[in-house]
Amino acid sequence: MSNDARSQPAGGPGGPGGPGGPGGPGGPRRGRFASERLDRLRRMLSGYVERDVLPGLVALVARHGEVHVFTAGALAAGGPAPMRRDTIFRIASLTKPVTAVGAMQLVEEATLRLDDPVDRWLPELADRRVLRAVDGPLADTVPAARPISVRDLLTLRLGLGAVMISPSAYPIQHAMDAAQVAPSPDQPTIPPDEYLRRCGALPLAYQPGEVWMYHTGIDLLGVLLARASGRPLGDLLRERIFEPLGMRDTGFCVPEADVDRLATAYRPDPERGGLAVYDAAAGGRFTRPPVFEAGGSGLVSTVDDYFVFLQMLLDGGSHGGRRILSRPSVELMTTDQLTPGQKAASDFVPGFWDAHGWGLGLAVDTRRVDLSTVPGRFGWDGGYGTSGYADPKEGLVGVLLTQRMMDSAAGTDVARDFWTMAYAAIDD
């Protein structure tokens, strides 16, 4: 196949992008993309494959019913199987908003309350001790000022997570590494109860509610959802989110019959240059049920599945006449929950907090600093090279799925270029 990205407008007669649909010639003209600018987007995506930066990718842009999908490259570097629209990717932290929706469903039913302590469901996290200083010895602690709440898990303010010092230098980092609970590209390999026990044996780095610390809260939230619902996390998400939305290819592993659609995952290889296999398709980590269904980063999905999920949120929690989540819940999820003081105290990518905040399980743009950071836009990025956001102001949804892991938390050039050109293609 050619490495040129192929644009695939979605929909047939009467469907999105088809005759009589919202973006078709028989429907109202609102929110169309400029075709020549979509072509520029296609050429840009193709270029990343042609330059061997990426083995392949699948991308989608949609606006007011007009949907375009682009594919380029192959499922594996140098392989004969072309990248397809229905290729399955490990979506990494794009899992977080999905788990957050599952949590808000339980909140709406009053199974959970946002500001209740998690102690009832996660007694391992009760009666916490907190480091006097984040870089101090593990024994130098004070009592937690209050219990950890459900809201703390969703907003990543529970007091435990990624300490953004690399390589690890603080005792709490070494302790998390030794306990195998440190945030990592690898999924946890210990059962949920053991993961929780090991987290509970550590002091918190900060007082609950004080500081945003990446990742760990959503993995713990997944354990909470399983315990509160009395069913495995994967079953809960499938019954309440995936099946109602028709997300047939989303889950915590790939069935044997579909492994031929799973893209090989790669990591940058600084020693030899180029890319090294991180996780193969056949026989890889995601081809069998995991020991730990990681609510923070463990899902696989396709571009169309994740598009439907984001579109549901953009539509206020409804899809195909069926309500998945209430509009007030979506509004709460997509509202910045962090105070200026919490942002100032929270280490992350330099400059991130200048234009972004954090809602419940996802990021929210707060200030326009470039084409794609629009106040109110929400979504997140995944460390395996994935990105998905929705923009209520523009009615825009974009999903980019690649198989190359990020070089750093700052993201990738292809994602930045994708979002720039997606917004530049808006034609009104």
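In this predicted model, the side chains of E66 and H68 are joined by a polar contact of 2.9 Å. E66 belongs to strand β3, which spans residues 66-73. The mean pLDDT of the chain is 92, with 93% of residues at 70 or more. Over residues 9-29, however, the pLDDT falls below 50, and this stretch has 39 contacts in the model beyond near neighbours in sequence.

- E66 is buried but takes part in no salt bridge.
- The nearest side chain of opposite charge to E66 is that of R32, at 4.1 Å; this pair is not a salt bridge because the cut-off is 4 Å between a side-chain nitrogen of Lys or Arg and a carboxyl oxygen of Asp or Glu.
- A polar atom of the E66 side chain lies 3.4 Å from the backbone nitrogen of F33.
- The side chain of H68 provides a further polar contact to the side chain of E66, at 2.9 Å.

**Salt bridges**

- The structure contains 28 salt bridges.
- Side chains of opposite charge can pair when their charged atoms come close.
- D39 and R43 form one of these salt bridges, with their closest N and O atoms 2.4 Å apart.
- Both residues of this pair lie in helix α1 (residues 35-50), and because they are 4 residues apart, about one helical turn separates D39 from R43.
- D39 is partly exposed, at a relative accessible area of 30%, and R43 is likewise partly exposed, at 44%.
- E394 and R63 pair through their side chains in a salt bridge with an N to O distance of 3.0 Å.
- This second pair links distant parts of the chain, 331 residues apart: E394 is in the loop between β15 (386-391) and β16 (396-402), while R63 is in strand β2 (residues 56-63).
- E394 and R63 are both buried.
- R151 and D115 also meet in a salt bridge, at 2.7 Å from N to O.
- D115 is exposed, with a relative accessible area of 51%.
- A single network of salt bridges with shared partners joins R84, D86, D249, D258 and R261.

**Helix α8**

- Helix α8 covers residues 303-314, a run of 12 residues.
- From its first C-alpha to its last, α8 reaches 16 Å, close to the 16 Å expected at 1.5 Å a residue.
- Helix α8 is largely enclosed by the rest of the structure, because 10 of its 12 residues are buried.
- The buried residues of α8 are V303, D305, Y306, F307, V308, F309, L310, M312, L313 and L314.
- Just after α8, G316 adopts a positive phi of about 80 degrees.

**M44 in helix α1**

- M44 is located in helix α1.
- M44 counts as buried because its relative accessibility is 11%, below the 20% limit for that class.
- Apart from neighbours within four places in sequence, M44 has contacts with D417, F418 and M421.
- M44 and A145 are 101 residues apart in sequence, and their C-alpha atoms are 51 Å apart in space.

Note on methods: Residues are numbered from 1 along each chain as its sequence is written. Side-chain values use heavy atoms; hydrogens and water are left out. pLDDT is the predictor's confidence in each residue, from 0 to 100. Contact means heavy atoms within 4.5 Å. Helices (H or I, at least four residues) and strands (E, at least two) are DSSP runs, numbered from the N terminus. Buried means under 20% relative accessible area, exposed over 50%, partly exposed in between (1.4 Å probe, protein chains only). Lys and Arg count as positive and Asp and Glu as negative; His and the chain ends are not counted. A polar contact is a pair of N or O atoms within 3.5 Å; within protein, one must be able to donate a hydrogen and the other to accept it, and residues adjacent in sequence count only if both atoms are side-chain atoms. The expected span of a helix is 1.5 Å times one less than its number of residues.
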